Amino acid sequence: QALKGMQIFASCDLPFLRAVASVSERKVFFAGDACREEGVMDDTLRVIEFGRCRVERRQGGAVKHCGWCDVGTVLGERRFFNMQSNWPDASFRIATPLALLLFIPRQSFNGVLENYPSEQQRFRLVKETNKTDGGNARREHDAASLSILQGCGPGFLQAIAGCIRTVTYKIGQTITVQGAVDSGSMYIIKGGSAEIYVNHRFVKEVHSGESFGELAILGFVKRRSAVVRAKEICIVLEMPRAAFIAALEDHPEEQEHFQKIGRQHGVVVASTQWPLFEGASQKLLSLINLYARKHITAKGHWSTFNGEQLPEQAAILVLRGEMRVVTPDKGELVFTEGTCFNEQLLFGLPPLEGRLQPQGNCEVQIMTADIFDRVVLECPTERDFIMQRIVNEIARKAEQSMGFGRGDPGGALVLSTVIQVA
């Protein structure tokens, strides 16, 4: 299972992989152990099955941290296959409490290879090309095979493939928790199997090639609908929602594809949370999700995950996380999940003055006045209803900021003033 998840062995026949596994050794390491030392050359291939490694290099008498290696990383691949390497040597030290690595000695591997002529030809080509793509081609193939991504363009699939990471779960380890609001990742099983439970009842098993978490990554559900637990050592590909949204921002032409999936599932997504549009038709809510783009912000900055500046002249709905607006006259305003602000812009009134500060990676949906006009234009019979909803929301916030309760004479005056201004 571990070998099959590696890009260099991905297309090998199963009997060959079993033979290689029989000459391999699984070793356990603990935090701080070095699984490979800088300057010590050997002919052993190492595969990280579980855990994480810290990459270190000596520089001027000091040890410099250079990066991390996660599950699925292959150490010593180029030397193992006699391929030229432009990377400097380094030490790899365990950075998690426990790590499992698969060791494959080259002499033992060559002994197995002698019995498989077809595999000899394949690895001969690997040596001749003297290059790898880090597994991106294989991950792109895995992404393209998913039902929710079938029909997407190659550019979008390439962007997704570059963000997929390999994770290993031990027997009995939980992958998702029912009811949890997490990062919204989607998972593809590459090796092993997992069990799905709903309300503590076993539902089914999922095996290699199957996936789960599609509705979460698309944002159609906020909470996990089931517990997924590894039945055996389970190797999965994780597709983070943040990376998925970032890829969608770079390829907006794919948005209609995913909206169509939502309609097929009978799901109306994030716009059902807009306080402004409660009671609106299914068509209007779907159009909002089609045109109003969703973004995951950078930590503490009003920009996308990719660093692109986000518009401030827009109504903003907080889907996940917390947003703060530091204003010159009202101090710091806090907007939590399911709340919106700057809806007055849709009426032609000025937005809040202040600095937008997302708390962590905050997920938001942004609706400019142009998008709003486009939606209303396609739903003309709902125009008056929506306009009244916006007026009521503006008035409610105005009453709240002035200390009036609903139904107070002062509150009625506020509502009257808002309507006149609008």
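Reply: Ile296 stands opposite Glu363 of strand 22. Please keep in mind that this is a predicted model, where local features need pLDDT of at least 70, side-chain atom pairs count only at pLDDT 80 or more, and totals for chains, interfaces and linings use all residues. Residues are numbered from 1 along each chain as its sequence is written, and side-chain values use heavy atoms, with hydrogens and water left out.

Strands here are DSSP runs of E of at least two residues, helices are runs of H or I of at least four, and both are numbered from the N terminus. Two strands count as paired if DSSP finds at least two bridges between them. As background, strands of a sheet pair through backbone hydrogen bonds, either parallel or antiparallel.

Strand 17 also pairs with strand 18 (residues 301-304), again antiparallel, through two bridges. There, Thr297 has Thr304 as its bridge partner. Strands 17 and 18 form a hairpin with two residues between them, and Gly300 in the turn has a positive phi of about 80°. Buried means under 20% relative accessible area, exposed means over 50%, and partly exposed lies in between (1.4 Å probe, protein chains only).

Both Ile296 and Glu363 are touched by Arg241, which sits in helix 8. With residues up to four places away in sequence left out, Arg241 also touches Ser183, Gly184, Ser185, Ala216, Ile217, Leu218, Gly219 and Arg320; contact means heavy atoms within 4.5 Å. Arg241 counts as buried because its relative accessibility is 2%. Helix 8 (residues 241-250) is mostly covered, with nine of its 10 residues buried. Besides Arg241, the buried ones include Phe244, Ile245, Leu248 and Glu249.

Met239 of strand 16 is the bridge partner of Met186. Strand 11 (residues 186-191) has six of its six residues buried, so it too is largely enclosed by the rest of the structure. Two bridges also join strand 11 to strand 14 (residues 211-212), antiparallel as well, and here Tyr187 stands opposite Phe212. Met239 has a further point of interest: its C-alpha atom is 9.7 Å from that of Gly162, 77 residues apart along the chain. Gly162 lies in the loop between helix 6 (154-161) and strand 9 (165-169). At a relative accessible area of 46%, Gly162 is partly exposed.

Back to strand 22, where the loop from strand 21 (340-341) to strand 22 holds Glu353. Is Glu353 buried or exposed? It counts as exposed, because its relative accessibility is 59%. Leaving aside neighbours within four places in sequence, Glu353 is in contact with Val326, Thr327 and Pro328. Its C-alpha atom is 8.3 Å from that of Val325, 28 residues apart in sequence.

For a contrast in layout, look at the open sheet of four strands in the order 10-15-12-13, with antiparallel pairing. Strand 10 (174-176) and strand 13 (201-207) are at the edges with a single partner strand each, so one side of each has no neighbour in the sheet. Strand 12 (residues 193-198) pairs with strand 13 over six bridges, in the antiparallel sense, and Tyr197 has Phe202 of strand 13 as its bridge partner.

Finally, the wider setting. The chain has 13 helices and 22 strands, and 45% of its 422 residues count as buried. Of the contacts with a separation of 6 or more, 73% come from residues 24 or more positions apart.
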